[in-house]
Amino acid sequence: MNEQERTDNAQRIVITGIGMVTPLGIGKEEFGRRIFAGDCAVSPVQSFDASAFSSHCGAEITDFQPRNFISIKNIRRMDKISQLTAAAARLALEDAGITVNPDNRDRIGIILGTSFGATDVTVQFAETLLKDGPALVNPILVPNTVMNAPAGHTSIELGFRGVNTTITHFAVSAETAIAYAVSEIRRGAADFILTGGVDILSKFYYEALTRFHALSPLDENIEESKPFDRDRNGMVAGEGCGIICIESMESALARGREPYCVIKGFGQGSSPATPTGWPENSAGVKKTISRALTNAGITPQDIEAISAAANGSITLDRIEAEAYAEVFAENKSGPWITALKGALGESFSSGGVRTCALALSCAKGAMPPTCGLYTPLAQLKFVRRREEKIEINNALLAGISFGGTYVYLVLGKCPDA
Amino acid sequence: MQTKRRIVITGLGTINAVAHNIPDFVSALSAGVCGIGPLDLFETDGFRCQNGGQIKNFSPRNFISHHFSLKRMSRADMLSFAATLEALTDAGLYPLPQQLAEDAGVVIGGGSGGLREAESFYRDLLNKNGRHARFSKLSTVYCASSADRIASNLDLSGPKATFMTACSAGGTALGYARDLIQNGQAKMVIAGGVEPMCRITYAAFNALKSLDPGVCHPFDQNRAGLSLGEAAAIMILEPLEKALARGAKIHGEILGYGVTCDSFHMTAPDENASGAIRSMQAALRDSGLTSEDVDYINAHGTATPVNDAMETRAIKEVFGKRAYSIPVSSTKAMTAHTLGAAGALEGIVSVLALEHGFIPPTINFREPDPACDLDYVTEGARKADLRVVLSNSFAFGGNNTTVIFGKCDKNGIRNE
């Protein structure tokens with residue numbers, strides 16, 4: 001290996017571990033089997049009574065046993081969101097073949113995205129304060145009301161002490177966290193970073209979404225997540241945690257690990273929008289895609305697949321489809337597009353789970369189908385009904401948030417060593 | 001490894017308990033003004049403490065012109081936007097040129113966000129079975145809304161990100177903003193932190209028994225906890241060559257930063273100070289400096305019994321014998337602890353110290369503590385020609401951030 005290749009490999013960031021706790025299963029095997037088979041996790045909400053609300057469905061995690069992943073000592077201090085994070089992080093570390101020890105613990109870190117944090121605990125805390133007064137507020141709850149709690153608990157549970165940060169920027173929290181993690185490894189701030197996103201369903205959060213008129217059905221029709229569908233009628237609330245373990249290619253080669261894929265670059269951008277609202281057009285999305293492509297050193301012709309942000313919302317899906325129609329107009333065959341929120345619902349920090357899924361796609365050479373897509377709103381190459389076999393040299397992971405914030409990641413197959 | 005682009009600070013803006021703008025802040029820091037006193041923003045009945053570093057007489061329209069709507073802006077949104085306008089004006093970038101706005105980003109260290117406004121929502125939700133609770137009030141509850149407001153008001157198209165690592169968020173935001181420019185994601189970044197005073201957050205610290213019943217006194221033998229405050233602190237960051245090309249005033253430079261984790265306890269710092277030590281070392285490494293180069297340390301210095309002893313131990317470990325000859329001060333006795341904004345506010349303090357050649361004092365100090373035996377600048381502000389200032393921020397969750405600032409002259413020459 002010459003000097004140039006060595007420098008390239010130190011700056012080339014790869015995914016070597018995947019950890020997932022999702023409504024379609026725990027761990028990459030179960031998730032992979034079900035997502036590529038086209039399973040849909042949307043069903044009537046079971047963890048709380050949703051009968052009084054205008055929507056009743058969600059995509060919930062149903063079979064999670066924290067004790068299988070977290071030590072007895074720490075488990076009681078953790079709320080649900082921290083438990084999901086610690087479990088997914090443990091799976092990602094194990095998948096990457098990393099054992100935390102005194103020699104490496106200061107070079108392992110976590111950069112986590114969460115859009116809303118522990119909405120369940122925050123409401124509980126506010127309720128005690130307002131009903132019973134300040135003296136009766138339970139101090140045990142306090143640390144868990146803060147959004148950096150999941151990353152803090154996870155570092156304690158797994159024993160690593162390197163860079164530790166939490167980013168919260170609505171629906172691009174996870175994508176921003178991953179982009180930051182890539183730049184932190186390149187900067188030499190850590191050797192391994194666990195990064196991704198987590199968000200949970202709670203009764204309060206579900207009610208808030210219904211009151212914002214965000215959830216399907218917005219009409220009298222069937223409640224379903226229908227990304228990019230002409231008859232889409234709102235999103236379905238979801239939850240989940242997806243964590244990847246990243247390191248430099250140099251490090252992966254030295255450890256003899258076969259990476260899932262390379263994170264080739266990223267682009268970040270925004271456009272003016274009202275709080276919780278959408279921008280008027282797709283200009284910001286297009287500009288952000290262009291930043292990502294430039295950052296990765298490729299052109300629209302090179303993109304073969306996209307994991308979309310579309311979630312069945314009227315405006316988001318239209319803006320996103322419009323952007324792809326324009327950016328890839330010159331790309332004759334056009335990229336295959338899949339929208340996993342049809343199967344998983346919208347969990348806002350979904351970028352974690354979706355990046356895990358796209359890494360699996362790169363390794364497997366296939367894109368999973370989009371659930372709930374019957375009549376596409378535009379003439380784009382959507383993956384529907386069944387998985388599409390495709391060798392992925394370059395794929396986009398889309399992060400688009402209300403409030404007008406965008407992050408695109410470029411993932412792709414590892415170059416032949 | 002390629003040489004990194006140098007990123008400089010060309011604009012500053014703040015509103016806090018001791019000043020409503022940068023010139024007043026310089027005066028207050030040199031005079032050692034204490035901004036901590038009785039709160040009138042909310043009822044403090046039932047709390048262990050009735051004091052805080054509240055921003056008094058904040059009228060948003062004194063800062064934000066009628067060109068901008070204040071509708072549904074939380075106190076945090078208004079404070080951060082007001083400080084942004086001051087920083088941009090200071091940088092000579094207001095109104096912002098269209099071309100720059102295309103590649104300008106916003107990075108904010110957040111804290112309570114719109115939680116203050118959300119309290120009335122929660123109250124309605126509980127009192128009336130939720131039937132009359134207006135969920136629209138939740139639209140600004142999350143701290144990311146401040147960055148969205150700034151970007152939207154100014155028509156920016158660059159990256160946006162919000163950090164939420166409690167008390168270290170503001171410092172991390174500054175470091176991350178520097179990286180965004182170095183990585184080519186933005187040509188200019190509005191970076192900083194904001195923390196509004198809010199009863200729910202106050203109740204949390206009250207429950208943890210972290211509050212000094214009176215006024216905090218960092219590094220003092222009888223220190224009894226922190227005083228909570230509120231602030232917005234914003235910096236304008238640009239590449240050095242761009243700043244020079246447009247003849248901008250350069251306040252200072254971000255030389256480097258480090259972020260680490262205690263991995264010890266959610267609310268108590270590791271008494272062995274490992275996280276704090278590694279955070280300072282990481283920042284020195286990132287800056288290409290050694291412990292010999294640091295002229296002043298703006299401490300986290302919350303005035304909790306554990307933090308100040310831990311931080312002192314960490315400084316001794318990193319700086320060895322030299323620790324005793326480096327001035328260390330905590331400006332939290334003046335501004336109070338502004339949580340998510342603290343790292344950015346103290347970043348501004350560090351830059352002002354470099355620019356104006358002084359070390360702000362640790363006020364309210366009465367009795368030395370054998371466990372805290374460094375030079376805490378307790379006798380009042382001190383004149384000093386500083387080249388490099390290190391600023392610490394440590395947080396719940398075991399998050400530690402250290403940012404290092406350097407002086408450079410109007411030609412961008414480092415004063416070495």
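Domain bounds, as used here, come from an automatic or database domain assignment. Keep in mind that this is a predicted model, in which local features need pLDDT of at least 70, side-chain atom pairs count only at pLDDT 80 or more, and totals for chains, interfaces and linings use all residues. Residues are numbered from 1 along each chain as its sequence is written, while chains are lettered from A and ligands numbered from 1 in the order in which they are written.

Let us start with chain A. Its secondary structure comes to 14 helices and 16 strands, where helices (H or I, at least four residues) and strands (E, at least two) are DSSP runs numbered from the N terminus. With a radius of gyration of 20 Å, close to the 22 Å that the globule rule gives for 417 residues, chain A is as compact as a globular protein of that length; the radius is taken over C-alpha atoms, and the rule is 2.2 Å times the number of residues to the power 0.38. Along the principal axes, the C-alpha atoms of chain A fill a box of roughly 65 × 55 × 40 Å. Of its 417 residues, 63% count as buried, that is, 20 or more other C-beta atoms, placed from the backbone, lie within 10 Å of the residue's own.

Now look at one sheet in chain A. Three strands form an open sheet in the order β3-β4-β8, with mixed pairing; two strands pair if DSSP finds at least two bridges between them. The edges are β3 (42-44) and β8 (237-238) of chain A, each pairing on one side only. Strand β4 (residues 57-59) of chain A runs parallel to β8(A), the two being joined over two bridges, and A:A59 has A:G238 as its bridge partner in β8(A).

Next comes the meeting of the chains. The contact takes 59 residues from chain A and 56 residues from chain B, two residues being in contact if their C-beta atoms, placed from the backbone, lie within 7 Å. On the side of chain B that touches chain A, α5(B) gives the largest share, six residues.

Finally, turn to the inside of chain B. Its assignment gives domain 1 (7-245) and domain 2 (254-406), whose C-alpha centres lie 21 Å apart. Here 62 residues of domain 1 of chain B are in contact with 57 residues of domain 2 of chain B. On the side of domain 1 of chain B that touches domain 2 of chain B, α6(B) gives the most, with eight residues.

Methods
A residue is buried if 20 or more other C-beta atoms lie within 10 Å of its own, exposed if 12 or fewer, and partly exposed in between; C-beta atoms are placed from the backbone.
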